[in-house]
Amino acid sequence: MLVRAFLTANPDAAADFEDVSADEWYFPFVAAAAAAGIANGYEGRFGISETISRQDMCTMLVRTAEVCSIALIPTYNAAIFYDGDEIA
């Protein structure tokens, strides 16, 4: 979603994630996110079939803003989460 909203999918980009096949419809989007530094994956995987955590999504949002030169200006007080002590 971040690539579609803020970047351009790149059919020529490479992504070296063991769980992302170049034959999949989403490959150019994953590859573009990886090339831009928005998504790094982990342990050689992108995590295609896994649920994304709140902190990982926020990390990708901040990276997207940085890549697109979008200033994130805090307008609200910091949110308090019930599981805040588990956030990395």
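What share of the 88 residues in the protein chain is buried? In this predicted model, buried residues account for 24% of the chain. The secondary structure consists of three helices and zero strands, and the order of elements from the N terminus is α-α-α. Along its principal axes, the C-alpha trace extends over about 45 × 30 × 15 Å.

The largest pocket of the model has a volume of about 840 Å³. Its lining comprises 26 residues, of which Ala39, Phe46, Ile52, Met57 and Met60 are the closest to the pocket centre. At least two lining residues are supplied by each of α1 (2-6), α2 (27-36) and α3 (54-67). The largest share comes from α3, which provides five residues of the lining. In terms of residue class, the lining of the largest pocket contains 16 nonpolar, six polar and four charged residues.

Aromatic contacts were examined next. A pair of aromatic rings is described by the distance of the centres and the angle of the planes. The count of aromatic pairs in the model is three. For Trp25 and Tyr26, the ring centres are 5.4 Å apart and the planes meet at 85 degrees; the pair is therefore edge-to-face, since an angle over 60 degrees falls in that class. The two partners contrast in accessibility: Trp25 is exposed, at a relative accessible area of 63%, whereas Tyr26 is buried, at 16%. Together with Phe29, Trp25 and Tyr26 form one aromatic cluster. A further contact involving a ring is made by Arg54, which lies over the face of Phe81 at 4.1 Å from the ring centre.

The cysteine residues were then considered. The model contains zero disulfides. The cysteine sulfur closest to that of Cys58 belongs to Cys68 and is 16 Å away, which is too far for a bond, because a disulfide requires sulfur atoms within 2.5 Å. Cys68 is accordingly in no disulfide, its nearest cysteine sulfur being that of Cys58. Cys58 is partly exposed, with a relative accessible area of 43%. Cys68 also counts as partly exposed, at 25% relative accessibility.

Most residues other than glycine have a negative phi. Glu43, which is not a glycine, has a positive phi of about 50 degrees. Glu43 is located in the loop between α2 and α3 and is exposed, with a relative accessibility of 73%. Ser69 likewise has a positive phi, near 55 degrees, in a residue other than glycine. Ser69 is placed in the segment after α3. At 68% relative accessibility, Ser69 is classed as exposed, being over the 50% cut-off for that class.

Technical notes:
Residues are numbered from 1 along each chain as its sequence is written. This is a predicted model: local features need pLDDT of at least 70, side-chain atom pairs count only at pLDDT 80 or more; totals for chains, interfaces and linings use all residues. Side-chain values use heavy atoms; hydrogens and water are left out. On a 1 Å grid over the protein atoms alone, a cavity is a set of points where a 1.4 Å probe fits but cannot get out, and a pocket is an open set with protein on both sides within 12 Å along at least five of seven lines; lining residues have an atom within 4 Å of a point. Grid points are joined across faces, edges and corners, and a volume is the space filled by probe spheres set on the points. Helices (H or I, at least four residues) and strands (E, at least two) are DSSP runs, numbered from the N terminus. Ala, Val, Leu, Ile, Met, Phe, Trp, Tyr, Cys and Pro count as nonpolar, Asp, Glu, Lys and Arg as charged, and the others, Gly among them, as polar. Rings of Phe, Tyr and Trp (its six-membered ring) pair if their centres lie within 6.5 Å; planes under 30 degrees apart count as stacked, over 60 as edge-to-face and the rest as tilted. Buried means under 20% relative accessible area, exposed over 50%, partly exposed in between (1.4 Å probe, protein chains only). A charge sits over a ring if NZ of Lys or CZ of Arg is within 6 Å of the ring centre and within 35 degrees of the ring normal.
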